[in-house]
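Student: I would like to learn how to read a protein model step by step. Could we go through one together?

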Amino acid sequence: MSQDLFQAPDYYLLDDLLEDEHKLVRDAAREWVKREVSPIIEEAAQKAEFPTQIVNGLAEIGAFGPYIPEEYGGAGLDQISYGLIMQEIERGDSGVRSTASVQSSLVMYPIYKYGNEEQRKKYLPKLASGEFMGCFGLTEPDHGSNPSGMVTNFKDKGDHYLLNGAKMWISNAPFAHVAVVWAKDETGRIHGLIVERGMEGFTTPETHNKWSLRASATGELIFDNVKVPKANLLPNKSGLGAPLGCLDSARYGIAWGAIGAAMDCYDTALRYAKERIQFGKPIGAFQLQQKKLAEMITEITKAQLLAWRLGVLKNEDRATSAQISMAKRNNVDMAIKIAREARQILGGMGITGEYSIMRHMMNLESVITYEGTHDIHLLITGLDVTGLNAFK
Ligand SMILES: Cc1cc2nc3c(=O)[nH]c(=O)nc-3n(C[C@H](O)[C@H](O)[C@H](O)COP(=O)(O)OP(=O)(O)OC[C@H]3O[C@@H](n4cnc5c(N)ncnc54)[C@H](O)[C@@H]3O)c2cc1C
């Protein structure tokens, strides 16, 4: 990739809404992405490899458990700082942000929220430092948008649980040390279990041939009569609301993250439009290209406001799941549309790895599908405003 010249757009001077700590955290993440992610990410994506060398750096900028209290190794930050870290990481690459989101919101969050003190002390500091990497197993081959239909199950065998089933599309699965797995007990109630690599009967085959999120490792989780110690059951919440609570936290991070991808595409296209000469003048001087750029910065600004307000509500513990759905849906849709338009501004150059746009565009095809598809989030908003369920 050519040199990272990124300059963050802030059309409505939204920095004024941020506290000094937010800006410090954001700027540290921004600098780190420029220094450590931008130079290596294109090659990692081309090779379809997660760049393990950035794990320590992710831990250092507070990307693993930004809002988990410091006594458990987390960064103890607020929700806006968490969002800003996700924004900056996804500015670099959605796959890297996915790894951080899973670690923070889908592994550390449930252990912190639904686990007991022993589990928190055992796992959280190691997950915060990156010594342990985690994954989250909810989706199954036959149950994606409808996780309540899951068939993965466990039976009480006296001194342990016996876990059987399979999960697919699991980010971080191929290298994770621990998996938070959602499975039904004998009564059909959903619980979270912490499954560790090395437990007999537990395997994590990698999913190959992805055209999207290539720098994030994806795999299956297979449970063939896995004996899980009883101490590994998350005791403090059960039912579908438990995994959905984790998804709320991750979706909130995605709403911010998508802004990062969009900002990078816009910034690249703006610079290119001012430099690329056709018909004797910069292509940015043509009305058609200005329309694209003007609409991009308008949509980015609206998305920034949405995310910031949602962050304030989250800090006050007032954000609803439906509000989070709206922001995830809107901001990812905004980003993917900007990526497509920005790619066109670069003409043929837009399809090369010299620029980040095509990689962002392909990554966002996963982001618009995972953690609740674009359609499912619309149905959540529809249900929220009408009170009528259109899922079934
Ligand atoms: C790269 C990647 C990483 C992922 N990482 C994880 C992970 O770490 N952990 C995890 O558990 N999962 C993960 N997922 C899974 C992801 O959350 C699911 O792919 C997603 O929830 C959709 O499920 P599905 O693919 O089975 O699609 P389906 O549920 O089969 O949906 C197919 C289509 O039908 C539509 N649809 C479904 N139901 C309805 C309805 N009621 N009304 C209208 N339309 C409907 C959907 O919107 C979609 O367009 C990942 C997925 C990808 C691609």
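Tutor: We shall take the whole chain, then its domains, a pair of helices and the ligand.

Tutor: This is a predicted model, in which local features need pLDDT of at least 70 and side-chain atom pairs count only at pLDDT 80 or more, while totals for chains, interfaces and linings use all residues. Residues are numbered from 1 along each chain as its sequence is written.

Student: How many helices and strands does the chain have?

Tutor: Helices (H or I, at least four residues) and strands (E, at least two) are DSSP runs, numbered from the N terminus, and here there are 10 helices and 9 strands. The chain's radius of gyration, taken over C-alpha atoms, is 21 Å, close to the 21 Å from the globule rule for 392 residues, so the chain is as compact as a globular protein of that length; the rule is 2.2 Å times the number of residues to the power 0.38.

Student: Into which domains is the chain divided?

Tutor: Domain bounds come from an automatic or database domain assignment, which here gives domain 1 (14-129), domain 2 (134-232) and domain 3 (241-386). Two residues are in contact if their C-beta atoms, placed from the backbone, lie within 7 Å, and by that test 28 residues of domain 1 are in contact with 28 residues of domain 3. On the domain 1 side, the largest share, 11 residues, comes from α3.

Student: How are two packed helices described?

Tutor: One gives the angle between their axes and the distance between the axes. Axes are lines fitted to C-alpha atoms, for helices over the stretch in contact, and angles run from 0 to 180 degrees between N-to-C directions. The axes of α3 (residues 79-92) and α4 (residues 94-114) come within 6 Å and cross at roughly 145 degrees. Their contact is made by M86, I89, E90 and G92 of α3, together with S94, V96, R97, A100 and S101 of α4.

Student: Which residues are the closest to the ligand?

Tutor: They are L138, T139, G144, S145 and D375, among 22 residues that surround the ligand, where the test is a C-beta atom, placed from the backbone, within 6 Å of the molecule. By class the shell has 11 nonpolar, 9 polar and 2 charged residues; Ala, Val, Leu, Ile, Met, Phe, Trp, Tyr, Cys and Pro count as nonpolar, Asp, Glu, Lys and Arg as charged, and the others, Gly among them, as polar. Domain 2 and domain 3 each give at least three residues to this shell.
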